[in-house]
Amino acid sequence: MAAPKRENQTVSQSLQKRTKKVHNQHQNNLISHIDGVSSNPNRSGNLPDDILDRIFSFLPIKQAVEIGVLSPRFKKSWLFNRKILFDREFSRHHDREEYIHIVNRVFNSHVGSRIQSLSLCFDPTAKEHMIERWLKICAEKGIEELDLDFFQGRDVFKISQFLDIKSLTTLKLVYCEVDLPPQLTGLSFLTTLILKKVDLNTETMETLFFHCLLLETVDLWQCCNIQHLKVCARSLKRFKVLKVRHCTEILSIDIDAPTLRSIYYIGNVVKFQFAEVLHLDEVLLNFSPSRCFAKASLVENLVSDLSYANVLTTTSAFLEGLTTRIRDGAFRDLQFRLWNLKEFQLFMEGTSYCNLFDIASFLKNCPSLEKLFLDLNDFSFDCGFYWELHQKQLLQYFPHFFTGLKFIKVKGFKFQKHELELVRFLLGKAVFLETLVLVTPRTGRIRIYEPADAINYKRLIFSWRSSPKTDIVVLDHYHDKGPVQPKVSQFGW
């Protein structure tokens, strides 16, 4: 990741908008091309039916029908459409009976040899037989991408035999009950599996990992009835991404996947068990706050398995589990090293007692760290008496320097006492720092005079959202020529 979680969401939304714009532009170009063909009989006569079939297969079924009115030649081309997509956006504009009537008409009229994608989103109650017929048609026509979104259903939709489709590469199920046979004959080409609000058990997941040898991504979201998740993927050569989000009943996750490169976990602190230390590219651990000592021990056991992770995003609850405490009868730090960690993103939670000393103690164990992102949100450091009497003195004589740290960004900076101490400490220890960005919600102009601790850095940027244009205070490096003098400029946020 190149930015904190909230910034990632903004970037993701921007990319989605850009992708949608490019997609729409592609469709408009295609429409213009077809319109031009329809106005030139000689050109339309040169296009065989299989090419028209191919052209219209790139369009959503709704738009394919709309384009069909351009010419009598194209009037029935939508019948060859390969992407039958009736997703949530479509369901918002139609009531249930109308929705089912439209989908059923499309399947009754479809004459194409293939159906590449099917997306459904409605309440399937009392329509199970009709859905089974649609799925049977899709299976016969070599469907590759199946998305069944039944979150509107009054009862969980039970799906079993029609999951045993040989041609499927992507499977997304929402609010379903999965009942797989012990011996699968299909799903051998499955690469992406997304399950949301699906009843699962350990045996079902073991069956999927055993038979789906081309799996690359597994995403479990709000799945229930599974307490021990076993990722038995040693025989999988392409498995890269594991996502587990808000599966509240999970107590442990056992991972045996040598090719795994990304782990995303959101939920309570659970026991992670790795068959071997992995060279992970990205790790996201969004742990819910916990005051339980046993939960802290689970974090201690986990951090050693992240020794070779490149990017780590987590919350302050993770650092709480690593804080100095009585271990083996002595009050001491936890010994660990994250040797490859290049980027660390920390989100402070309001119920956390994590303080500057905990952050510093973690950073000293990351010798290769280059980028640090801190999101303070509405967090206020409540350090307490232990900080004042003990940790504060230790931090004043903190012997470690963060020699690899080049970039620091702090969001939610409110100029509180402990936040200023945090910045002062980082500036003093990151001796080769190039850029410091502080983003604050405060409005108005910030004046900075002679920051004595600002040494060995090139740029210091204070920014905040106040108007379409944001004041930026840029301090250049003049350490060897005396105090740093501020230069105020305007910068569009």
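Predicted model: local features only at pLDDT ≥ 70, side-chain atom pairs only at ≥ 80, totals over all residues.
Q: Is Tyr175 buried, partly exposed or exposed?
A: Buried means under 20% relative accessible area and exposed means over 50%, with partly exposed in between. Tyr175 has a relative accessibility of 22%, so Tyr175 counts as partly exposed.

Q: Which class of exposure does Ala126 have?
A: Ala126 also deserves a look, with a positive phi of about 70° although it is not a glycine. The loop that holds Ala126 runs between strand 2 (117-121) and helix 7 (128-140). The relative accessible area of Ala126 is 55%, and the cut-off is over 50%, so Ala126 is exposed.

Q: How many helices and how many strands does the chain have?
A: Let's step back to the whole chain. Of its 493 residues, 48% count as buried. Among contacts between residues at least 6 apart in sequence, 62% join residues at least 24 apart. The secondary structure of the chain amounts to 13 helices and 24 strands.

Q: What is the handedness of the crossing of helix 6 and helix 7?
A: The axes of helix 6 (residues 96-109) and helix 7 come within 11 Å. They cross at roughly 35°. Helix 6 passes helix 7 in a crossing that is left-handed.

Q: How do the residues of the contact of helix 6 with helix 7 divide by class?
A: From helix 6, the contact takes Ile100, Val103, Asn104, Phe107 and Asn108. Helix 7 brings Met130, Arg133, Trp134, Ile137 and Cys138. By class, these residues are seven nonpolar, two polar and one charged.

Q: With which residues is Val103 in contact, leaving aside its neighbours within four places in sequence?
A: Val103 is found in helix 6. Its relative accessible area is 0%, so Val103 is buried. The C-alpha atoms of Val103 and Ile131, 28 residues apart along the chain, are separated by 10.0 Å. Leaving aside neighbours within four places in sequence, the contacts of Val103 are Phe86, Leu120 and Trp134.

Q: How are helix 11 and helix 13 arranged: roughly parallel or roughly antiparallel?
A: Helix 11 (residues 356-363) and helix 13 (residues 417-429) have their axes 11 Å apart. The packing angle is about 25°. Angles under 35 degrees count as roughly parallel, so helix 11 and helix 13 are roughly parallel.

Q: How many residues of each class does the contact of helix 11 with helix 13 have?
A: The crossing of helix 11 and helix 13 is right-handed. Leu356, Ala360 and Leu363 of helix 11 make the contact with Glu421, Leu422, Phe425 and Leu426 of helix 13. The class counts for this contact are six nonpolar, no polar and one charged.

Q: Which are the edge strands of the open sheet of three strands?
A: The strand order of this sheet is 9-11-13, with parallel pairing. Neighbouring strands are turned by 10° against each other on average, direction ignored. Two strands pair on one side only: strand 9 (228-232) and strand 13 (271-274).

Q: Which residue in strand 13 is the bridge partner of Ile255?
A: Strand 11 (residues 252-256) and strand 13 run parallel and are joined by four bridges. One of the bridges pairs Ile255 with Phe274.

Q: How many of the residues of strand 15 are buried?
A: Strand 15 (residues 311-315) has both faces covered. On one side are Val311, Thr313 and Thr315, on the other Leu312 and Thr314, and all are buried. The buried count for strand 15 is five of five.

Q: Which residue in strand 18 is the bridge partner of Leu312?
A: Strand 14 (residues 282-287) runs parallel to strand 15 and is joined to it by four bridges, with Glu282 opposite Val311. Strand 18 (residues 343-347) also runs parallel to strand 15, with five bridges. In strand 18, the partner of Leu312 is Phe344.

Methods
Residues numbered from 1 in each chain as written. Heavy atoms only, no water. Axes fitted to C-alpha atoms, helices over the stretch in contact; angles between N-to-C directions. Parallel < 35°, antiparallel > 145°, perpendicular 65-115°, else oblique. Left-handed = near helix turned anticlockwise from the far one by under 90°. Contact = heavy atoms within 4.5 Å. Nonpolar A, V, L, I, M, F, W, Y, C, P; charged D, E, K, R; others polar. Pairing = 2+ DSSP bridges. Buried < 20%, exposed > 50% of the residue type's maximum accessible area, 1.4 Å probe, protein only.
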